[in-house]
Amino acid sequence: MKEKFSKALAAVNRFVQSDLFIVFNALFVFVGWCTGEWVALLSVMAIINILPLFFSKDTRHLLSILMMFTLMISANRHNLSHYAPMLVIVLLLFIGIFFNFFFFKRDIKPLSVKRMHGFHFSLIALIVPAALSGLGSPYEHPLAVVAVLALMIVFALGYSFLVAANRDRADRKEIAEYLLKVLFAMGIVILLQMIVYFSRMENIEAVIKAVKTKNIALGWAGPNNVAPTLSMCIPATLYFCIKRNRYTPFVVCLALIEFVALFATGCRGAILFTTMALPAMLLYVTVKSENKLTFCLTLCLLFAAAIVLVALNGQTVVEILTVILNKGLNSSGRTTWLYPEAIEAFKKWPIFGAGWDYRLGELAKKGDGYTPYWYHSTFFQILADMGLVGLIFFLLFYFFRYRTFLADRKNPSSLALLMGLGLFDAYGMVDTNFFGPTFFVMLLAMTFAVEIGLDDDVCMIWKNPFGFLKKGCHLSQSKTDPQSVEKEPTNQDNIN
């Protein structure tokens, strides 16, 4: 009986760690969003993803839910304070993490300062500016200050657990490609959500009006958050055109549809940055692809089809593009009042900033009291809310983040994740998406997927800080050294 139970658990774990489980989570997300029953289905999905922590050493499946759970939320994001009791899911997750950490006796050596990688260290270091934010300025809402600090501690602890659970695994290089599959699935989910959203409108005229007025509300995000998230998925989609496979034409079509969908959001920043990056991405895939003929032929046929479709629907396309182009590079108030306000706040409290509680909820459309005063720029947000101390620590954070990716620049999977993260970061310099907690988690997961596969000699903070400039700096452990990799877990190891 015990043996049968062990085999059953091993079979469940194989499914949870497989690519099929990504599809399972994606379907859960889409059905939950589509039906509006996201609270119940998100709870079920969370339990399904957390339970394996109690019987398996494998943890990479957590990346799937961490990346995708946000997309299930169909309620207006300004009304989420009503769902505060759902935080019990986070509590359950941390119970599972602590159980897994101690039950499987995780090695804490990767968490020591001597072995800690640079980005991991810089993430933990962000606790300092989070704790000191607003010191010296009036605390208008102390709970908001504590909440920001608590979030940063949670992020650091969660990241540390994933490092301890995966650092010495033999298959850690595969995590980057696993995360690209998650992003691939996310792109499909977002496209389907947009299709359903527009299909629920009265007629095609209503759809065109919604596109022209940027009236897209998927619940979890408006157009200015949907667009950068979708643009983050495009490099992941194109990545799967590199390896030889029969699905290249479908993947190319999907990438092009995702690009077109960006225009439907009307988000100028995401459209601009993605359009600028698209030629480089297509050129890279063309050079690296094992399906060169299929890829290039499909691409040419799609562009030809796009030209025909634009010609047949010229008036509608011109109307939509005219609305976008007429706005040009207009800052929509950013340079005229938001950025100057950030500078004024910085001048008043230059060392530690005004604090995250400063003017809390003032700009929220729905009048909620938990939304920070967004300056619509990552740089100015840091400057205003955390001052010089925050700026220094975030410069360290950005340096080690991009150092991590550049250290593995010869790896196509790392470059695909770098491109997606770079597009998201670039847009964050002119909008609020970087500091959204769920988006912050997505970017952490993407960086983790690359950092965990790198050699200590390249990424340790105290050793060779410019190691990413060296050639051949990605993981290259000796296959003959039995101590260099963790023994592949058996079914029994997954249970005991």
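Reply: One definition is needed before the side chains can be described: a residue is buried if its relative accessible area is under 20%, exposed if over 50%, and partly exposed in between. The model is a predicted one. The average pLDDT of the protein chain is 87, and 90% of the residues score at least 70. Over residues 472–496 the pLDDT falls below 50, yet in the model this stretch has 48 contacts beyond near neighbours in sequence.

The aromatic rings come next. Across the whole structure, a search finds 34 aromatic pairs. One of them joins F54 and F99, a tilted pair with 5.1 Å from centre to centre and 40° between the planes. This pair links distant parts of the chain, 45 residues apart: F54 is in the loop between α3 (38–50) and α4 (61–68), while F99 is in helix α5 (residues 88–103). How accessible is F54? Its relative accessibility is 28%; this lies between 20% and 50%, so F54 counts as partly exposed. F99 has a relative accessible area of 33%, and is therefore partly exposed as well.

Another pair is F394 with F397. Their ring centres are 5.9 Å apart and their planes stand at 65°, so this pair is edge-to-face. Both residues belong to helix α17 (residues 378–406), where 3 residues, or about one turn of the helix, separate them. F394 and F397 are both buried.

The buried residues of α4 include H61, L62 and S64.

Now the nonpolar side chains. In soluble globular proteins, nonpolar side chains tend to be buried together. Here the largest nonpolar core has 142 residues, among which L183, W220 and L417 touch the most other members. Helix α9 (residues 175–199) gives the most to this core, 17 residues in number. What does L417 touch? Leaving out residues up to four places away in sequence, L417 touches A176, L179, L180, L183, F405, M446, A449 and V450.

T237 lies in helix α11 (residues 223–239). Since its relative accessibility is 0%, T237 counts as buried. Its contacts, apart from neighbours within four places in sequence, are F184, V251, L254, A255 and E258. T237 and F184 are 53 residues apart in sequence, but their C-alpha atoms are 5.3 Å apart in space.

The whole structure has 9 salt bridges by the search. E3 and K7 form one, at 3.5 Å from N to O. Both lie in helix α1 (residues 2–16), 4 residues or about one turn of the helix apart. E3 and K7 are both exposed.

R115 and D168 also meet in a salt bridge, at 3.5 Å from N to O. R115 is in the loop between α5 and α6 (118–125), and D168 is in the loop between α8 (142–166) and α9, so this pair ties together parts that are 53 residues apart in sequence. R115 counts as partly exposed because its relative accessibility is 23%. D168, at 31%, counts as partly exposed too.

K347 and E344 make a further salt bridge, with their closest N and O atoms 3.9 Å apart. The two are 3 residues apart in helix α16 (residues 334–348), so about one helical turn separates them. K347 has a relative accessibility of 57% and therefore counts as exposed. E344 has a relative accessible area of 42%, so E344 is partly exposed. Finally, a network of salt bridges links D58, R169 and D171.

Methods
Residues numbered from 1 in each chain as written. Predicted model: local features only at pLDDT ≥ 70, side-chain atom pairs only at ≥ 80, totals over all residues. Heavy atoms only, no water. pLDDT = per-residue confidence, 0-100. Contact = heavy atoms within 4.5 Å. Core = buried A, V, L, I, M, F, W, Y, C linked by side-chain atoms within 4.5 Å. Buried < 20%, exposed > 50% of the residue type's maximum accessible area, 1.4 Å probe, protein only. Phe/Tyr/Trp six-rings, centres within 6.5 Å; stacked < 30°, edge-to-face > 60°. Salt bridge = Lys/Arg side-chain N within 4 Å of Asp/Glu carboxyl O.
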